[in-house]
Amino acid sequence: MHWACCLLGLLFAFSGDRAVAESPSHEEPALHEGHDDDRLQERPGEDTVTSMAEPHAHVGPHFRWTVLRTANDEDRRRAETLVTTLRQALEPYRDYHRAIADGYEPFLPNVVQSHYHFTSKWRGFKSAFRFNAAQPTSLLYKKTSKGYELEGAMYTAPKRTSESELDKRVPLSVARWHAHVNICLPPKRSVQTADWSRFGPKGTIVTEAECDQAKGRWVPQLFGWMIHVYPLKDTPETIWTH
């Protein structure tokens, strides 16, 4: 995905050093739901949200990735334990109705996406303080003719989290967390009519100087850190590949 991630991360997410997980609407999972702190607090219109939810490659000036560390046996064992724990925790959520009943809310369910984020604000909030492999912030689903098919999950961490701390949650020699950075948001008064090819997480504006010239609002990092995990896959490569 993606924009959902980004939006989840964009509407979702823990903007900032705030220990609050605001449901994302990027979460696309929710206009991943509430852009906050001067960052899109005013909720863009449906067209804007839809454009932000389009699939995207996680590359370019708006993405920051943790540095991949040297592989080692201890990290592999830690990762295997995490995957086993997550796989067991996700089993009940093969039924997406159960996920909704447990507080996971679908983000932008009417917008076509590669993956649909079902996000728990409560679990997102708790993840700002501690990591629980059995309680991901979001569940990832693929839409089917009968509803939704479970694919994986997404963990989150506050943007203030260091790479060393992220490594304690998920080994950085096995997978890489990502964050959405260098974002220029349009002036509040023109969010509904803004040119989103220039502004936002997919925009062409990538420096603070350009953003100032466009009279936008510069956000060094939008939301916290995120990482997708697909524990139902068969190999480490497919389990940890975003």
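This report describes one histidine and a set of aromatic residues in a predicted model.

## Basis of the description

Because the model is predicted, local features need pLDDT of at least 70 and side-chain atom pairs count only at pLDDT 80 or more, while totals for chains, interfaces and linings use all residues. Residues are numbered from 1 along each chain as its sequence is written, and side-chain values use heavy atoms, with hydrogens and water left out.

His115 is found in the loop between strand S2 (105-106) and strand S3 (116-119); helices (H or I, at least four residues) and strands (E, at least two) are DSSP runs, numbered from the N terminus. With a relative accessible area of 13%, His115 is buried, a term that means under 20% relative accessible area, with over 50% being exposed and partly exposed in between (1.4 Å probe, protein chains only).

The side chain of His115 makes a polar contact with the side chain of Glu151 at 2.6 Å. Such a contact is a pair of N or O atoms within 3.5 Å; within protein, one must be able to donate a hydrogen and the other to accept it, and residues adjacent in sequence count only if both atoms are side-chain atoms.

## Aromatic pairs

A search of the whole structure finds nine aromatic pairs, where rings of Phe, Tyr and Trp (its six-membered ring) pair if their centres lie within 6.5 Å, and planes under 30 degrees apart count as stacked, over 60 as edge-to-face and the rest as tilted. Tyr93 and Tyr104 form an edge-to-face pair, 5.5 Å centre to centre with 70° between the planes, and both residues are buried.

Tyr116 and Tyr148 also form an edge-to-face pair, 5.6 Å centre to centre with 70° between the planes. Tyr116 lies in strand S3 and Tyr148 in strand S5 (residues 147-157), so this pair ties together parts that are 32 residues apart in sequence. Tyr116 and Tyr148 are both buried, and together with Tyr96, Phe118 and Tyr141 they form one aromatic cluster.
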